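Visitor: Hello! Could you give me a close look at a single part of this protein, the aromatic side chains and what surrounds them? Please take your time over it.

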Amino acid sequence: MSEDTPKSTHFGYKTVNSDQKADMVAGVFHSVAAKYDIMNDVMSLGIHRMWKRFTIESAGARPGMKVLDLAGGTGDLTTKFAHLVGDKGQVTLADINDSMLKVGREKLRNKGIVGNVNYVQANAEALPFPNNHFDIITIAFGLRNVTDKDAAIRSMLRVLKPGGKLLILEFSKPQHEVMRKIYDLYSFKILPKMGSLITQDAESYKYLAESIRMHPDQDTLKEMMVNAGFEQVEYTNMTDGIVALHKGYKF
């Protein structure tokens with residue numbers, strides 16, 4: 001743990017010791033891994049596929065590139081990147097949670113994607129990769145679960161090549177009051193009931209809703225990326241800011 005890691009942090013709306021959060025988040029994703037893809041489709045009404053498609057298009061992956069899909073879970077982005085980088089490229093699907101990695105590996109192998117993808121269990125705060133290694137890093141719906149987000153962003157900068165690009169796809173803050181009210185009603189009343197029905201786990205989805213509210217807003221995350229050393233940082237709001245895609249470069 002870095003010296004500047006806070007002694008306490010948020011797990012949803014709860015305050016917990018920093019060294020406990022990773023295990024608590026792991027428990028959430030061990031619980032939901034098997035039904036994760038189904039829940040993504042149900043709780044976003046399938047819109048998560050459009051958010052991810054925009055992320056892939058913004059990444060600009062080309063044949064021969066090395067891509068890190070961090071917190072890659074069940075491999076939605078990895079699947080697309082594997083086709084884009086081709087046989088001479090390489091995609092690394094990394095996740096701190098071994099249950100999610102196992103689901104992702106099985107899913108990709110069932111699709112016949114085996115030659116240019118490897119799987120690494122890794123903590124985003126201390127990535128086990130060489131300096132200046134990847135052309136592109138994506139982290140989709142994973143940063144909010146990281147205890148020390150600043151350390152994670154610095155770690156991503158370190159392993160990017162000069163000229164490399166980081167894309168952070170994450171839930172953010174709706175821009176209009178009407179949307180915020182609808183979103184709160186959906187997140188705290190409907191989503192846990194859906195989680196209970198589909199995964200028999202309402203508490204994990206209650207945590208997910210709370211973790212979204214505790215995540216830095218669009219401008220705060222942009223500032224964190226700039227402070228870490230990223231340049232030309234910008235973000236694009238989607239679905240009124242329920243989700244935002246942040247993009248920055250290492251020069």
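Guide: Let's start with a cut-off: a residue counts as buried if its relative accessible area is under 20%. Phe 141 has a relative accessibility of 10%, so it counts as buried. Please keep in mind that this is a predicted model.

Together with Trp 51 and Phe 171, Phe 141 forms one aromatic cluster. A search of the whole structure turns up 5 aromatic pairs. One of them joins Trp 51 to Phe 141: the ring centres are 6.1 Å apart and the planes make an angle of 55°, which is a tilted arrangement. Trp 51 belongs to helix H3, while Phe 141 sits in the loop between E6 and H6, so this pair links distant parts of the chain, 90 residues apart. Trp 51 is buried, and so is Phe 141.

Because Phe 141 lies in the loop between E6 and H6 and Phe 171 in strand E7, the pair ties together parts that are 30 residues apart in sequence. Phe 171 has a relative accessible area of 13%, so Phe 171 is buried.

His 215 is found in the loop between helix H8 (202–214) and helix H9 (218–228). With a relative accessible area of 4%, His 215 is buried. If we leave aside neighbours within four places in sequence, His 215 is in contact with Phe 171 and also with Leu 143, Arg 144, Lys 149, Glu 170, Lys 173 and Leu 221.

Lys 149 in that list deserves a moment. Lys 149 has its place in helix H6. Although it is a lysine, Lys 149 is buried, with a relative accessible area of 13%. Between the C-alpha atoms of Lys 149 and Pro 216 there are 9.7 Å in space, against 67 residues in sequence. Helix H6 as a whole is mostly covered, with 8 of its 11 residues buried. Besides Lys 149, the buried residues of H6 are Ala 151, Ala 152, Ile 153, Ser 155, Met 156, Leu 157 and Val 159.

What do these parts pack against? Let's turn to the sheet. An open sheet of mixed pairing is formed by 7 strands, in the order E5-E4-E3-E6-E7-E9-E8. Its edge strands, each pairing on one side only, are E5 (117–121) and E8 (231–238). From one strand to the next, the twist averages 15°. Helix H5 (residues 98–110) packs on the sheet by touching E4 (90–95) and E5, and its direction makes about 170° with that of E5. Helix H6 (residues 149–159) packs on the sheet as well, touching E3 (66–70), E6 (134–140) and E7 (160–171), and its direction makes about 145° with that of E7. E7 is the strand that holds Phe 171.

Helix H3 (residues 48–59) packs with helix H4 (residues 76–85) at an angle of about 35°, and their axes are 10 Å apart. The crossing of these two helices is right-handed. On the H3 side the contact is made by His 48, Lys 52, Ile 56 and Ala 59, and on the H4 side by Asp 76, Leu 77, Lys 80, Phe 81 and Leu 84. The residues of this contact divide into 5 nonpolar, 1 polar and 3 charged.

Finally, a few words on the wider setting. The protein has 9 helices and 9 strands. Of its 251 residues, 54% count as buried. Among the contacts with a separation of 6 or more, 71% come from residues 24 or more positions apart.

Notes. Residues numbered from 1 in each chain as written. Predicted model: local features only at pLDDT ≥ 70, side-chain atom pairs only at ≥ 80, totals over all residues. Heavy atoms only, no water. Pairing = 2+ DSSP bridges. Helix = DSSP H or I, 4+ residues; strand = E, 2+ residues; numbered from the N terminus. Axes fitted to C-alpha atoms, helices over the stretch in contact; angles between N-to-C directions. Contact = heavy atoms within 4.5 Å. Left-handed = near helix turned anticlockwise from the far one by under 90°. Nonpolar A, V, L, I, M, F, W, Y, C, P; charged D, E, K, R; others polar. Buried < 20%, exposed > 50% of the residue type's maximum accessible area, 1.4 Å probe, protein only. Phe/Tyr/Trp six-rings, centres within 6.5 Å; stacked < 30°, edge-to-face > 60°.
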